[in-house]
Amino acid sequence: MQIAAILALLGCCGLLGAQAEPHEHRGKIAPYSSKPPSLGLTSSEEGVLARGGSVQKQVRDGSGGRGFVVQDIAAPPQVVWDRILDFPHYPKMVPNLKKCSVYVSKNKSPQTLKVAMAVSVVGVSFTYYIDHKVYAGPKGTGVITWTLDYDRKSELDESVGYWHVAAHPSKPGWTR
């Protein structure tokens, strides 16, 4: 199953790295807020989604930008939410991801999940540490934002991202 509800996922990455010391910076890219996105889908884009496709958009943000993907999923929001948070099973769902483990879990609001991820691509392996903030809504809806865990040195220079899971506006039992 593809993991994508509103996938306003932006992974911005580069290489470097070693875990025991802090990362060499505290963030180069502004993290996402927990506010649900304003999609502004056109009727043409709604048609693409209705035919089972996905919509990709780029949004200008100061001198740079961000992108997002919207996809309709034939599963209720709770199922999609549970899959997104199923980090131990990511290596079975994400190509080239060899290891994924939660090393910190704090249940205060927002919930914090810190996750170590090890990737191997074309013989090059690297590990990075992600700090997820989970803003759970009712019935499996909500927002998850992430940045690098800047208290650990990752072999990625930067990573920020965002998941938004919502009930489909017109299809009961579906997620957008």
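How many residues does the hairpin have through which β4 joins β5? I looked this up and found that the hairpin runs through 4 residues.

**Basis.** I noted that the model is predicted, that local features need pLDDT of at least 70, that side-chain atom pairs count only at pLDDT 80 or more, and that totals for chains, interfaces and linings use all residues. Residues are numbered from 1 along each chain as its sequence is written, and side-chain values use heavy atoms, with hydrogens and water left out.

**Strands β4 and β5.** I took helices (H or I, at least four residues) and strands (E, at least two) as DSSP runs, numbered from the N terminus. Strand β4 (residues 97–106) pairs with strand β5 (residues 111–121) in the antiparallel sense, over 8 bridges; pairing requires that DSSP find at least two bridges between two strands. I also looked up K106, whose bridge partner in β5 is T112.

**Helix α1.** I checked residues 43–50 for burial (under 20% relative accessible area, with a 1.4 Å probe and protein chains only). The buried residues of α1 are E45, G47 and L49. Their cover includes β2 and β3. Just after α1, I found G52 with a positive phi of about 90 degrees.

**Lining of the second largest pocket.** I recorded how the lining residues (those with an atom within 4 Å of a point on the 1 Å grid, where a pocket is an open set of points that fit a 1.4 Å probe, with protein on both sides within 12 Å along at least five of seven lines) divide by type. The lining holds 7 nonpolar, 3 polar and 4 charged residues; Gly counts as polar, and Asp, Glu, Lys and Arg count as charged.

Conventions. Buried means under 20% relative accessible area, exposed over 50%, partly exposed in between (1.4 Å probe, protein chains only). Contact means heavy atoms within 4.5 Å.
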